[in-house]
Amino acid sequence: MQLRLALLSNAGGSGKTTLATHLAYLLGRQGFKVALMDLDPQGSVSLFCGLSRPRIQDTIAAVLQESFSGDWPLVPIWQDKLDTVVACQGEMGLVKTTSELVLHERGAYLLGDRLQDYPLPQDVIIFDCPATLGPLPLIALSACTHLLVPMQVEPKSADGAGKLLEWFYGNFRRLRLNPEPKLLGFIPNQYDQRLAIHRNILGQLAPQLEKLNIRCFSPIRFSSEFKNASAKGQPLQMYRPGHPACADFDPIVKQICEELRNTHD
Ligand SMILES: Nc1ncnc2c1ncn2[C@@H]1O[C@H](COP(=O)(O)OP(=O)(O)OP(=O)(O)O)[C@@H](O)[C@H]1O
Ligand SMILES: [Mg+2]
C-alpha cells in the first residue's frame, strides 16, 4: 500500500514545506519512490526544490480539474543526486481551485478520487499544505493515510495544537474517513535549547501530547542554514551534509520507514 503523508498545521511558518522537502529527499535517498505535492498557492515547494515557476496547467490545479485524464504533471527534483523524487507543483492558480472545491459535489474527496482513478506508482506521496485550514488541507486530510504536524515552540503552541486536533477529529467524523489517517506526531521545529522559554514550553507540551497518546518527536533545532539551503533549492543534507541539524530528521524518517514496512506486511 502507498503511504500518503500530509504535513498539516494551523500556523504559518511552522516548517511544513521544510519538512515536506527534507522528508522527500531523505526517503528518496533510502531508495523509496516519492511524489511531493504542493497544495499551497504560495508554491514554496518549487522554491525549496530549485524548480522554476510552473504554468497553471503543470500544477496540482490541473489534476483537480474535471478535464483531468490521468496525465499527472510530475517533474523530477534533485536529479543530479537521485532519481527517486518527483514533484507536482503548486502556484497562485490554486486560489481559484479553492473556491471551485467548495462548490464541487466531491470537493473534499477530489484528491483521493484522483489518486484512486489514476494511481501513482510511488511508495510515498507527501502533501505540503497551506496554513489556513480550508478546502486544500481538507482534500489532503481525506486523501492521506498518515499525518505529521510541525510546530514552532511558542506560548501559543499548546492552544494551537488543541485546535488542530479538534479540526482533525471533527473532520475525520464529518468526512467519515475509514480508516482514519494515523497521526504520527508533532514535530517541534526551530528549537533553540539555549532559550529557557523553548525548554519550558516543550517541557509542558510533550507530556500533554503523550497523555493523549500522541508522539512528540525530538525537536529540529534552529539553524539559519535551513534558509540558506532552501534559497539554493536544496535540503540541508545536500547543502551542508555534515551539519548537526541533519540528524534531527532521523527519528521521523525511521518512523516513516517502519510505517512503510507495516503497509507492506
Ligand atoms: N529548523 C529551522 N531553523 C531555522 N529556520 C527554519 C527551520 N525550519 C524552517 N526554517 C525557515 O523558516 C521559514 C518557514 O519555514 P517553512 O516555509 O518550511 O514553513 P511553512 O510552515 O511551510 O510556512 P507556510 O505556512 O508559509 O507555508 C523558512 O524560511 C525556512 O527556511
Ligand atoms: Mg509552506
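1. Helices α5 and α6 are oblique to each other, because their axes cross at roughly 45 degrees. Angles under 35 degrees count as roughly parallel, over 145 as roughly antiparallel, 65 to 115 as roughly perpendicular and the rest as oblique. Axes are lines fitted to C-alpha atoms, for helices over the stretch in contact, and angles run from 0 to 180 degrees between N-to-C directions. The axes of α5 (residues 110–117) and α6 come within 7 Å. L110, L111, G112 and L115 of α5 make the contact with I139, A140, S142 and A143 of α6. Contact here requires C-beta atoms, placed from the backbone, within 7 Å. Helices (H or I, at least four residues) and strands (E, at least two) are DSSP runs, numbered from the N terminus.

2. A note on the source: this is a predicted model, where local features need pLDDT of at least 70, side-chain atom pairs count only at pLDDT 80 or more, and totals for chains, interfaces and linings use all residues. Residues are numbered from 1 along each chain as its sequence is written, while chains are lettered from A and ligands numbered from 1 in the order in which they are written.

3. Helix α6 (residues 135–143) also meets α4 (residues 94–103). Their axes come within 9 Å and cross at roughly 70 degrees. The two helices are therefore roughly perpendicular. From α4 come L94, T98, L101 and V102; from α6 come P135, L136 and I139.

4. The largest nonpolar core has 62 residues. Such a core is a set of buried Ala, Val, Leu, Ile, Met, Phe, Trp, Tyr and Cys residues joined through C-beta atoms within 7 Å. A6, L7, L36, I126, F127 and A140 touch the most other members. Helix α1 gives the most to this core, with seven residues. Beyond its neighbours within four places in sequence, F127 contacts A6, L7, M37, L39, A140 and C144.

5. Ligand 1 has 19 residues around it. A residue is near a molecule or strand if its C-beta atom, placed from the backbone, lies within 6 Å of it. G12, K16, T17, T18 and A131 come nearest. Helices α1 (16–29) and α9 (225–231) each supply at least two residues of this shell.

6. The loop between α7 (157–174) and β7 (182–189) holds P179. A cis peptide bond joins N178 and P179, with omega about 5 degrees. R176 is found in the loop between α7 and β7. R176 has a positive phi of about 50 degrees although it is not a glycine.

Technical notes:
Two residues are in contact if their C-beta atoms, placed from the backbone, lie within 7 Å. A residue is buried if 20 or more other C-beta atoms lie within 10 Å of its own, exposed if 12 or fewer, and partly exposed in between; C-beta atoms are placed from the backbone.
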